[in-house]
2 protein chains.
Amino acid sequence: MAGQKIQRQTGVALWRQIADRIRTSINHGDFDETGMVPPETMLALQFGVNRHTIRSALGALAQEGIVRAVQGRGTLIERKERLSFPISKRTRFSQGIGDQVRETRSVLLAASEEAASVELARQLKINTGTRLVRLETLGQADHRPVSRATSWFPADRFGGIADVYRATGSITKAFKELGVPDYVRVVTEITATHADEGDLADLQLSPGAIVLITQALNTDLDNVPVQYSISRFAADRVRFTVEN
Amino acid sequence: MAGQKIQRQTGVALWRQIADRIRTSINHGDFDETGMVPPETMLALQFGVNRHTIRSALGALAQEGIVRAVQGRGTLIERKERLSFPISKRTRFSQGIGDQVRETRSVLLAASEEAASVELARQLKINTGTRLVRLETLGQADHRPVSRATSWFPADRFGGIADVYRATGSITKAFKELGVPDYVRVVTEITATHADEGDLADLQLSPGAIVLITQALNTDLDNVPVQYSISRFAADRVRFTVEN
DNA sequence: CGGAATTTGTGCGTATGTATG
DNA sequence: ACATACATACGCACAAATTCC
């Protein structure tokens, strides 16, 4: 984190730029030897700002639960982690990261039914206006939110999927109960953007945080689309891995 | 773009948050029918801010060359793009996006030689301390910077790759000249973070902007690692596509 | 062509947020 | 905690350019 310059008058406050950089450094393991952030005076010198500004930045990180300031000792690092998500034909939420955490859970936030928009119809290869079941879910690892997803399923085949999902907490198991023993990921699109209001709430992020977005299509073994989903991951908690 | 809420007092100025959202909407094609951004008064109403604030946001986008305001008429959209990068066994910079832009170019920023670190040795399956050639490159599409990459090659096989790359402007062609007719992408890791100082300069971004990072290993057809690279993409200009 | 409506451009005063010392 | 300087955001008013009837 040597000599990084901070930009003034760009619409992003100095304390936030600095908070973001310190968060990145922590995730990168730059302070692993001591388990602490450098003293405020040293950070102020490094970034070329007043100590007040550093305190604002550390205050924001403390609010996120990433660091904890202790008078007389310093600012301790509370948490750093980045889950690795494999993206492949067999992409599932819990399976790929099962060995990295103690517990994975998926919670149903909302369920509704709607008519397929032009875009959804194109993705799921159905007619516009076809009835779809829409599920809003939250993925957690060790009780910390990792991703929020919106998924659409053709209502004629999967009308009752909300109830089954609520009971099992798993898309894979819900599909099995509804006569789809297996399914495969056909294509995944990955983009990144700033967290929106819903991300801040559901994923417990702070404004300016980054979300990685995947848009994915799953089909059954007969190549018939069964699920289209848009997932939003807290970018500083995950990494995607593509095996070719 | 209906009813998106803007966050106050978060260290990110309202005009910057709004500029980012409008840029996203433009890239998403929300204003394609008219080719124009909605009037300032309407945007002010939608975002719940003063018209001056909207003007600051549009001013920033005008500075980026994305929109152009014309008195009496409105604010015209000058450019919108999000290049789609396929990630597969045959991932190359120019090939996948060739049909989306008029011109792709790759520029050599710097070249040097260094000893393999523990991490690089692990990735390239060589001994720590083995000599490596390191290339810093900048990928451009239609004269706009899209990605910056650092690549490492075993120096014993590819000692002269810097000169060949400078001449051809292509890794693929450089490999061919150096006796590697073909190579494949083994694994790609994808993360996202805030732009650092180098990103701001090379990719012409503003602070708070997002970069998508890929870490990738390429091998020759005998499964011998030939290149390890870390690339940083301007997140609002690209999209990754994984085909399974 | 006239004139109203629409839309961007500009100025000023004020309140609050950010950053320094 | 206090004083200072500048950036951000608001509200109001009016000017200038374009469009449309």
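Let's start with helix 1 of chain A, residues 14–28, which gives three residues to the lining of the second largest cavity, the most of any contributor. Keep in mind as we go that this is a predicted model.

Who else is around that cavity? The lining is made up of A:Gln17, A:Asp20 and A:Arg21, together with B:His194, B:Ala195, B:Pro207 and B:Gly208. The space inside the second largest cavity is about 70 Å³.

Now, how many cavities are there of 30 Å³ or more? The count comes to three. The largest cavity holds about 110 Å³ of space. Its lining has 11 residues, and those nearest the centre are B:Arg23, B:Asn27, B:Ile66, B:Arg79 and B:Asp236.

Where does the largest cavity sit relative to the domains? Domain 1 (14–77) and domain 2 (83–242) of chain B both give residues to the lining, so the cavity lies between them. Chain A is likewise divided into domain 1 (14–77) and domain 2 (83–242). In chain A, the C-alpha centres of those two domains are 34 Å apart.

Let me turn to how the two chains relate. Chain B can be laid on chain A by a turn of 179° and a shift of 0.5 Å along the axis, giving an RMSD of 0.9 Å. The two copies are therefore related as by a two-fold rotation axis. Within chain B, the residue that comes closest to that axis is B:Val12, with its C-alpha at 2.1 Å. And why do we say the copies meet through the same surface? Because 100% of the interface residues of chain B are also interface residues in chain A.

Last stop, the sheet. Chain B has an open sheet of three strands in the order 1-3-2, paired antiparallel. Strand 1 (36–37) and strand 2 (67–70) of chain B are the edge strands, each pairing on one side only. Strand 1 of chain B is joined by two bridges to strand 3, residues 74–77 of chain B, and these two run antiparallel. If you'd like to find this pairing on screen, look for B:Val37, whose bridge partner in strand 3 of chain B is B:Thr75.

Definitions and conventions:
Residues numbered from 1 in each chain as written. Chains lettered and ligands numbered in written order. Predicted model: local features only at pLDDT ≥ 70, side-chain atom pairs only at ≥ 80, totals over all residues. Heavy atoms only, no water. Domains from an automatic or database assignment. Pairing = 2+ DSSP bridges. Helix = DSSP H or I, 4+ residues; strand = E, 2+ residues; numbered from the N terminus. Least-squares fit on C-alpha atoms with pLDDT ≥ 70 in both. Contact = heavy atoms within 4.5 Å. 1 Å grid on protein atoms, 1.4 Å probe; cavity = no way out; pocket = protein on both sides within 12 Å on 5 of 7 lines; lining within 4 Å. Points joined across faces, edges and corners; volume = space filled by probe spheres on them.
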